[in-house]
Amino acid sequence: MPAAALAPSIHGRRPVAGGSALTLARAAAEQDWNTRQLAAPVTAPRVRVWTYPAPGVVFGCAQAALHEEAARAARTDCELVQRRAGGGAVLTGPWMLSSSVVLPPDHRLLAGGTVSSYRWLGVLHAGLLRDCGVPAHALAPDELARRTSDPALGWACFGGLSPWEVIADGRKLVGLAQLRRQHGVLLTTGTLLYRPEWSLLCDALGRPTDDIARLDAATTSCAELLGTAMHIETLADGLQQMLADVLGELEEDDRA
């Protein structure tokens, strides 16, 4: 399905219930916002929900060499961005709804360590998607231990699975990442609304064409599971409201 068919009907930030907004931004702007949030002590939760006007490739913090090589090779017109959080390369675009959740370092939902910090967020996403008719569930660590991932896709975020990420029909639907700093913790998510153009990601990294089919097999999307498009603003409003319900009052941040 072409990107234009499901591109969101928004420009900039659109206020929604609870004081947050759906933000239409390029991947670099999202990463800049994420970085700024941890530059000073975080005293209250902050949330942004994102989507993208154009495709971009976001490399994990350990993929600096891949990022540099992709930039030199210039095999794609996609924006190429480095993030500070870990994990594999992510293909952002109009097919993805993302969120950034910024928490104080002593927040109750961070107790128990890195893996357990994901649990509430994965369960929240899975519940929201089930409410929309998507048969999703968060992948508990014991279930993950019984599954196998394709080693050929270790470079791609959506090519593998981590604890509490969300799957449906046995395939990945929502990816999670986090960044812990002295001033606070950033938790990020990415939900596939419809099937990404995986060829853009593979081209950018010079991957073989076989990896396109592998990514197709490893992932699914809301549209594929529902048999119809899901309106991005409906899902974004629901996500923002559920985050506000769990986190309580959110701190406003009007910076772009």
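Contact here means heavy atoms within 4.5 Å. Helices (H or I, at least four residues) and strands (E, at least two) are DSSP runs, numbered from the N terminus. In helix 6, W198, S199, L201 and C202 meet D211, I212, L215 and D216 of helix 7. This is a predicted model: local features need pLDDT of at least 70, side-chain atom pairs count only at pLDDT 80 or more, and totals for chains, interfaces and linings use all residues. Residues are numbered from 1 along each chain as its sequence is written, and side-chain values use heavy atoms, with hydrogens and water left out.

**Helix 6 and helix 7**

- Helix 6 (residues 198-205) packs with helix 7 (residues 210-218) at an angle of about 135°, and their axes are 9 Å apart. Axes are lines fitted to C-alpha atoms, for helices over the stretch in contact, and angles run from 0 to 180 degrees between N-to-C directions.
- Helix 6 and helix 7 are therefore oblique to each other; angles under 35 degrees count as roughly parallel, over 145 as roughly antiparallel, 65 to 115 as roughly perpendicular and the rest as oblique.
- By class, the contact of helix 6 with helix 7 has five nonpolar, one polar and two charged residues. Ala, Val, Leu, Ile, Met, Phe, Trp, Tyr, Cys and Pro count as nonpolar, Asp, Glu, Lys and Arg as charged, and the others, Gly among them, as polar.
- A213 is in helix 7. Its C-alpha atom is separated by 9.3 Å from that of S199, 14 residues apart along the chain.
- A213 counts as partly exposed because its relative accessibility is 48%; buried means under 20% relative accessible area, exposed over 50%, and partly exposed in between (1.4 Å probe, protein chains only).

**Surroundings of helix 6**

- Six of the eight residues of helix 6 are buried, so the helix is mostly covered.- The buried residues are W198, L200, L201, C202, A204 and L205.
- These buried residues of helix 6 pack against strand 4 (56-59), helix 3 (64-73), strand 5 (79-82), strand 6 (90-92), strand 11 (184-192) and helix 7.

**Helix 4 and helix 9**

- Helix 4 (residues 114-131) and helix 9 (residues 232-247) pack with their axes 10 Å apart, at an angle of about 135°.
- Helix 4 and helix 9 are therefore oblique to each other.
- On the helix 4 side, W120, L121, L124, H125, L128 and L129 meet L235, G238, L239, M242, L243, V246 and L247 in helix 9.
- By class, the contact of helix 4 with helix 9 has 11 nonpolar, two polar and no charged residues.

**Sheet 5-4-6**

- An open sheet of three strands has the order 5-4-6, with mixed pairing. Two strands pair if DSSP finds at least two bridges between them.
- Strand 5 and strand 6 are the edge strands, each pairing on one side only.
- From one strand to the next, the twist averages 25°.
- Strand 4 pairs with strand 6 in the antiparallel sense over three bridges, and V57 stands opposite L91 in strand 6.
- Helix 2 (residues 27-37) lies across strand 4, strand 5 and strand 6 and runs at about 15° to strand 5.
- Helix 3 lies across strand 4 and strand 5, running at about 155° to strand 5.

**V102**

- V102 is placed in strand 7 (residues 96-103) and counts as buried because its relative accessibility is 0%.
- Among the residues that V102 touches, not counting those up to four places away in sequence, are W33, V42, P45 and L186.
- The C-alpha atoms of V102 and V42 are separated by 7.6 Å, and the two residues are 60 residues apart along the chain.
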